[in-house]
Amino acid sequence: TCSSFLHPVPASTAGRAGSDRTHTAMAQGCVESVWRELDEPELGGGWELFLDIAGIHIHRLYREESCLYEYKICGTFSDFGPELFVEVYMDLEYRKQWDNYVKELYELEHEGQKLVYWEVKYPFLLSNRDYVYGRERQDLDINGRKIWVINSKSKCAPGLPAKSGIIRVEDYHQTVVLENDGKQGTRVFLHYFDNPGGMIPTFLINWAAKSGVPSFLKDMQKACANYPEYCKKSGKKLALC
């Protein structure tokens, strides 16, 4: 989202305090312990199973102080390995080809930082959202296990104000952890929080999450399957990490 793995899920206006605490906890665990959740996700303290789709388990945690949910997604994609997943996930140009919710998406330099600008199309009568975020990929060797960790987090960029009619998302954080499943597939763990702002009815929040998440997972699988052909046609070298 980070380029985001999920489309941002609409939510009601929220206070900053709760989301700030969420971001701090997520950031502290990004490399030190989050990869461990590939083996055993930490789901105590109020986490509930939200959706279970073809081996992908989606849990959510309600934050009373912010009226928002954060999400943890874990499971296995059996049709492609983590090297391909990482390539597709990091390729912003390719995402514009397969993600119909992308309005604009590109990398830029701002005050010495490499950032990503992302505008997301929202349904009719709702304002589009845009993001300015940093992302970092780390390739780890943990006792012989090759693990990829990709962190994305919204950045304050006063020199890049939101466009007229678009709501800037200021509270966004996503951590993705990937590992080979020992066969041909990919074990995935994702921790996700997003405060899109604005006043959006609860029924739209539920609709977006229940319909948008399965749709995106399906689109991501299709994107991975089609990536080699995209690289061939566009002249892009398929590095596969």
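The model is predicted, and its chain has a mean pLDDT of 83. The chain holds four helices and ten strands, and 51% of its 241 residues count as buried.

- A pLDDT of 70 or more is reached by 83% of the residues in the chain.
- Confidence is highest in helix 3 (residues 92–98), with a mean of 96, and lowest in helix 1 (residues 16–29), with a mean of 45.
- Residues 1–5 have pLDDT below 50, although the model gives this stretch 38 contacts beyond near neighbours in sequence.
- Residues 7–29 also stay under 50, with 69 contacts beyond four places in sequence.
- Where pLDDT is low, predicted coordinates should not be read in detail, so please take the contacts of such stretches with that in mind.

**Order of the elements**

- Reading from the N terminus, the order is α-β-β-β-α-α-β-β-β-β-β-β-β-α.

- Two residues separate strand 1 from strand 2 in their hairpin, and A54 in the turn has a positive phi of about 50°.
- Strand 2 continues into an antiparallel pairing with strand 3, held by eight bridges, where H59 faces K72 of strand 3.
- The hairpin of strand 2 and strand 3 has four residues between the strands, and C67 takes a positive phi near 60° there.

**Strand 10 and its two partners**

- Strand 3 (residues 68–77) and strand 10 are antiparallel, with eight bridges between them; I73 has L190 of strand 10 as its bridge partner.
- On strand 9 (residues 171–180), strand 10 has another antiparallel partner, this time over ten bridges.
- L190 turns up again in this pairing, as V176 stands opposite L190 in strand 10.
- Five residues lie between strand 9 and strand 10 in their hairpin, where G182 takes a positive phi near 90°.
- How many of the residues of strand 10 (residues 186–195) are buried? Ten of its ten residues are, which leaves the strand mostly covered.
- T186, V188, L190, Y192 and D194 point one way from strand 10, while R187, F189, H191, F193 and N195 point the other way; all of them are buried.

- The largest nonpolar core has 43 residues, and I58, F85, V88 and M220 touch the most other members.
- Helix 4 (residues 202–234) gives the most to this core, contributing nine residues.
- Apart from it lies another core of ten residues, including W35, L38, C74 and V177.
- In soluble globular proteins, nonpolar side chains tend to be buried together.
- Helix 2 (residues 82–90) is largely enclosed by the rest of the structure, because seven of its nine residues are buried.
- The buried residues of helix 2 are P82, L84, F85, V86, E87, V88 and Y89.
- Setting aside neighbours within four places in sequence, V88 contacts Y94, W98, M220, A223, C224 and Y227.

- Q174 is found in strand 9 and is buried, because its relative accessibility of 0% is under the 20% cut-off.
- N151 lies in strand 7 (residues 145–154) and counts as buried at 11% relative accessibility.
- A polar contact of 2.9 Å links the side chains of N151 and T175.
- N151 and G134 are 17 residues apart in sequence, and their C-alpha atoms are 8.1 Å apart in space.

**Cysteines**

- How many disulfides does the structure hold? The answer is zero.
- Is C74 buried or exposed? C74 counts as buried, at 13% relative accessibility.
- C156, in contrast, is exposed, because its relative accessible area of 74% is over the 50% cut-off.

Methods
Residues are numbered from 1 along each chain as its sequence is written. This is a predicted model: local features need pLDDT of at least 70, side-chain atom pairs count only at pLDDT 80 or more; totals for chains, interfaces and linings use all residues. Side-chain values use heavy atoms; hydrogens and water are left out. A nonpolar core is a set of buried Ala, Val, Leu, Ile, Met, Phe, Trp, Tyr and Cys residues joined through side-chain atoms within 4.5 Å. Buried means under 20% relative accessible area, exposed over 50%, partly exposed in between (1.4 Å probe, protein chains only). Contact means heavy atoms within 4.5 Å. A disulfide is a pair of cysteine sulfur atoms within 2.5 Å. Two strands pair if DSSP finds at least two bridges between them. A polar contact is a pair of N or O atoms within 3.5 Å; within protein, one must be able to donate a hydrogen and the other to accept it, and residues adjacent in sequence count only if both atoms are side-chain atoms. pLDDT is the predictor's confidence in each residue, from 0 to 100.
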